[in-house]
Amino acid sequence: MDWPAIGLSIRLATIVSLVLLVIGLPIAGWLAFSRWRWKFLVEAIVALPLVLPPTVLGFYVLMAVGARSPIGRAWTAWTGHSLAFTFEGLVLASILYSLPFAVQPIAASFAQVDRGLIDAAATLGSPPWRTFVRVVIPLSIEGIITGGVLSFAHTIGEFGVVLMVGGNLPGITRTVSIAIYDQVQGFQYADANATALLLLVFSASVLALVYAIVRKPWAVASLR
Amino acid sequence: MRRPVRRTLAAGVVAGLLALGAAPAAVEPPGIRVAAASDLQTVLPVIAERFQRSTGRHVGVTYGSSGNFFSQIQNGAPFDVFLSADIEYPRRLEAAGVAEPGSIVTYGFGRIVVWSRRGGLVDLQRGLEALTDARIRRIAIANPEHAPYGRAAVAALRHEGLYDRVRSKLVLGENVSQAAQFVDSGNAEAGIIALSLALAPTLKPEGTYYEIPLTFYPPIEQGAVIVKASANKAGGRAFLEFLGLPDSLRLMQSFGFAMPAPDGRAP
């Protein structure tokens, strides 16, 4: 079992899901409450990683951070190395890749908050940002948890993007999915199987958790 | 008024998709399905085209990693011929009873080069030694755990006693094409890649290379084999014979492969 790779994936997914919660809340809030007529364009861009092959995203990230792009040259001039083949590079790519998994459930639960409560807060003199923090967010906590858990799990399972920009460095960019791929390629089927099984059990548990949050089996039990 | 139009449109789209799906299957002649290592991507289209012209038989080539093809063929992938970058895979297939016994041939030897983008930091006059330059932060190679070109790159570095000095700079591509791509996109300053890639029309104008002597690394023996479950073994044999003709071998050489010595041994 490649424990360093598993540890790295957990570290990556934790950072990515925390960052996504921070940037996902305002984006989801804007998507849920804005009345801008071109809003659907932003919705489409946020949802893009759902339908784009990871290779497309990975390819563009690789090109964007390379020495042939102005962004890549600026970053290299500043830090002394390319963003490719670094942990920071993986964080950036994963944030882009997992964005819809955080934003969409959060925006959906924001949209379900009773408008009457928001209006009531407004008539009581609460400015919109305070209503958002004190009313909308607490009432949407399930959607926020779902978004956080899904983006965590999705980052753990990410493969194509990491393969494209990671460079397979042990302890830096060799995530658990890459480790499994290497084991399969190297015919270490027993090792691959052990790691894959762990990932399978983990993913099934995470999804069960998400659906439990949505369905609230404990709430049904308490009703009886 | 609108609904019938929409329905007609939908029916048209469905009919069109069905036609698209059905057409090639109906027209295509019984061809030869080839699974080929990605380092053949430049030379094989030319050879396949010549073969088609002289025999009238269609050749469909799928490019990919030899290790993936190995697993796929073991699990019944419908290929007639497998052109591997590493003869070890055809040998294993033969041992597993999945390949036609006695059909393995060596069709060439891979060669490796140090490659960097034109105007880059690598002073290729210094050969492999150039990679120790502090300005070179990343060196891309194929993953030595499963890619033959990656193993050769590591062997050459060890041969020159440079491996431990450059080890921390190595970034691994999934295969040798990806290693080349890491350099071409400017994310790594240099790479050790296949000569066939350095000579590829898309990469040749972009970079310069230093050819690593064949004595620095164990031969990258490229082997081909006929798949036992193939429905078109005759076609596969004909293609392998064509691949062994002097004209094809010359072509392979001009695309960056070394040829076996007349006694069949490594060059």
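In chain A, Val176(A), Ala179(A), Ile180(A), Gln183(A) and Val184(A) of helix H10(A) meet Asp191(A), Ala192(A), Thr195(A), Ala196(A) and Leu199(A) of H11(A); two residues are in contact if their C-beta atoms, placed from the backbone, lie within 7 Å. Sorted by class, this contact has 7 nonpolar, 2 polar and 1 charged residues. Nonpolar means Ala, Val, Leu, Ile, Met, Phe, Trp, Tyr, Cys and Pro, charged means Asp, Glu, Lys and Arg, and the others, Gly among them, are polar.

A word on the model: it is predicted, local features need pLDDT of at least 70, side-chain atom pairs count only at pLDDT 80 or more, and totals for chains, interfaces and linings use all residues. Residues are numbered from 1 along each chain as its sequence is written, while chains are lettered from A and ligands numbered from 1 in the order in which they are written.

Back to the helices, which are DSSP runs (H or I, at least four residues) numbered from the N terminus. The axes of H10 (residues 176-185) and H11 (residues 189-215) of chain A come within 8 Å and cross at roughly 150 degrees. Axes are lines fitted to C-alpha atoms over the stretch in contact, with angles from 0 to 180 degrees between N-to-C directions. So H10(A) is roughly antiparallel to H11(A), a label for angles over 145 degrees.

Now for chain B: 18 residues of chain A are in contact with 13 residues of chain B. H3 (54-65) and H10 of chain A each supply at least two residues of chain A's side, and the largest share, 3 residues, comes from H3(A).

Conventions: Parallel < 35°, antiparallel > 145°, perpendicular 65-115°, else oblique.
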